[in-house]
Amino acid sequence: MRILLVGDQASLSAELMDFIADLGEEWQPLTASDGQSAMSIVAAGPVDAVIACPTLPDLTATTLLGQIRTLRPETIRIALVDADHNNRPPPARLIGVAHRFLPMPLAPEVLLEALTSLEELRELLDSAHLRSAIGRIEKLPSPPHLYLSLTQALEHDDDTNTADVSKLVSADPAIAAKVLQLSNSAFFNSGRTISDLRTAVTRLGLSTLRDLVLASEVFSASALSGAERNSLQQRALLASRLAAKLLPDSSAELGATAALLADIGLLLPGVRNERGAPADATDERPGHAEAGAYLLGLWGLPMPIIEAVAFHLQPQKSNTRSFWVTGAVHVALALINGDPVDEEYLQRAGVLHKLPQWRDHANGLMGLVAAEA
């Protein structure tokens with residue numbers, strides 16, 4: 001992979017520069033001190049990923065990444081942001097041109113993790129046409145910043161409590177209101193009305209709360225109509241709840257998040273709804289499953305989630321032969337949407353006998369929603 005890091009010595013630590021120099025030929029690291037030098041490198045040949053510092057001597061990061069999008073739409077565009085501002089979304093114009101955001105100062109281990117995930121994404125979805133199609137989209141859904149901040153806080157601080165989590169969520173009043181609305185729906189709440197975020201955190205549990213935050217962020221930015229957006233969100237939440245029931249506790253959270261995001265590709269312009277009519281041979285639009293998975297890869301979500309989203313319509317393509325996250329997402333989405341379940345796949349995975357029980361779970365969840373409506 002050819003990785004281009006753009007920034008001057010004042011923005012990049014000596015430790016990071018030494019790390020980049022030691023990456024070796026496999027990664028082909030490149031550096032440029034300013035925007036014009038970076039554009040010369042990009043114009044000379046394809047670059048897999050560009051990582052831009054927020055301040056450059058000649059161009060803004062927004063301008064640089066926008067020019068790269070025009071010249072090399074298949075290039076993955078990463079913007080560095082001040083770590084002090086991690087809990088706030090980057091500027092709207094930068095969100096429109098960057099696929100992923102990494103904190104400054106950029107630690108070598110964070111860079112290595114990002115590069116490794118990009119390599120895994122390329123291996124999973126090795127399609128130049130797909131990369132180019134997604135790269136050309138001018139208004140990609142922005143990364144779910146509040147969800148990622150919650151995940152980071154919970155992963156790196158064992159002492160994070162309900163008050164800390166509530167404070168993070170309350171920083172976005174629109175999402176906080178949506179979380180309270182969803183947490184009081186029938187399939188999330190079977191007791192008294194939840195009226196404050198701390199109670200929601202305590203009673204729902206952190207993993208469920210994170211999924212509610214994720215649903216609120218992802219679907220609120222959709223270009224769909226209000227009715228279409230609400231319908232898509234409700235189906236996603238139902239599938240998320242069902243997928244969690246199909247997996248052991250150790251994998252339930254992965255399955256819930258993957259099912260929640262399985263149809264995110266439908267929010268992208270210029271993609272084909274694979275649940276519609278069979279693909280026309282002349283239709284060059286990418287399918288919504290792989291397009292959605294590629295977007296999640298650009299956001300940096302875990303690979304099991306990306307693979308499940310990519311292959312949930314064709315679970316036999318999964319690299320995992322046993323029934324795991326991809327299989328659970330396939331079953332959950334099919335049952336909630338009324339689509340056929342791949343029984344041959346379930347037979348090979350040794351779980352076909354569980355399908356009647358899973359149907360009962362799905363019917364129970366949908367019955368709760370119907371009763372509430």
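This note sets out numbered points on the predicted model above.

1. Basis. The model is predicted, so local features need pLDDT of at least 70 and side-chain atom pairs count only at pLDDT 80 or more, while totals for chains, interfaces and linings use all residues. Residues are numbered from 1 along each chain as its sequence is written, and side-chain values use heavy atoms, with hydrogens and water left out.

2. Overall content. The protein has 18 helices and five strands; helices (H or I, at least four residues) and strands (E, at least two) are DSSP runs, numbered from the N terminus. Buried residues account for 51% of the 373 residues, where buried means under 20% relative accessible area, exposed over 50% and partly exposed in between (1.4 Å probe, protein chains only). Of the contacts between residues at least 6 apart in sequence, 64% join residues at least 24 apart; a contact means heavy atoms within 4.5 Å.

3. The sheet. Five strands form an open sheet in the order E2-E1-E3-E4-E5, with parallel pairing. Two strands pair if DSSP finds at least two bridges between them. E2 and strand E5 (100-104) are the edge strands, each pairing on one side only. From one strand to the next the twist averages 25°; axes are lines fitted to C-alpha atoms, for helices over the stretch in contact, and angles run from 0 to 180 degrees between N-to-C directions.

4. Strand E3 and its partners. E1 and E3 pair in the parallel sense over four bridges, and Val6 stands opposite Ala52 in E3. E3 and E4 also pair in the parallel sense over four bridges, with Ile51 opposite Ile78 in E4. The chain passes from E3 through helix H3 (residues 61-71) to E4 in a right-handed β-α-β crossover; right-handed here means that, with the strands pointing away from the viewer, the path from the first strand over the helix to the second runs clockwise. E3 is covered on both faces: Ala49 and Ile51 on one side, and Val50 and Ala52 on the other, are all buried.

5. Strand E4 (residues 76-82) and E5 pair in the parallel sense over five bridges; Asp82 stands opposite Met104 in E5. Helix H5 (residues 108-124) packs on the sheet, where it touches strand E1 (3-6), strand E3 (49-52), E4 and E5, and its direction makes about 165° with that of E5. Why is E5 described as largely enclosed by the rest of the structure? Because four of its five residues are buried.

6. Trp27. This residue is found in the loop between helix H1 (14-21) and strand E2 (29-32). Trp27 is buried, at a relative accessible area of 8%. Leaving aside neighbours within four places in sequence, Trp27 is in contact with Met1, Arg2, Ile3, Leu115, Thr116 and Glu119. Trp27 and Glu119 are 92 residues apart in sequence, and their C-alpha atoms are 9.6 Å apart in space.

7. Nonpolar core. A nonpolar core is a set of buried Ala, Val, Leu, Ile, Met, Phe, Trp, Tyr and Cys residues joined through side-chain atoms within 4.5 Å. The largest has 123 residues, and those with the most contacts inside it are Leu64, Leu65, Leu296, Phe323, Val331, Leu346 and Trp358. H16 gives the most to this core, with nine residues. Leu296 touches Leu261, Ile264, Leu301, Ile305, Ile306 and Val309, not counting residues up to four places away in sequence.

8. Aromatic pair. The structure holds one aromatic pair. The partners are Phe323 and Trp358, stacked at 5.1 Å centre to centre with 20° between the planes. Rings of Phe, Tyr and Trp (its six-membered ring) pair if their centres lie within 6.5 Å; planes under 30 degrees apart count as stacked, over 60 as edge-to-face and the rest as tilted. The pair links distant parts of the chain, 35 residues apart: Phe323 is in the loop between helix H15 (303-311) and H16, and Trp358 is in helix H18 (residues 355-372). Phe323 is buried at 14% relative accessible area, and Trp358 is buried at 4%.

9. His330. Helix H16 (residues 325-337) contains His330, which is buried with a relative accessible area of 6%. Apart from neighbours within four places in sequence, His330 is in contact with His312, Leu313, Pro315, Pro340, Val341 and Asp342.
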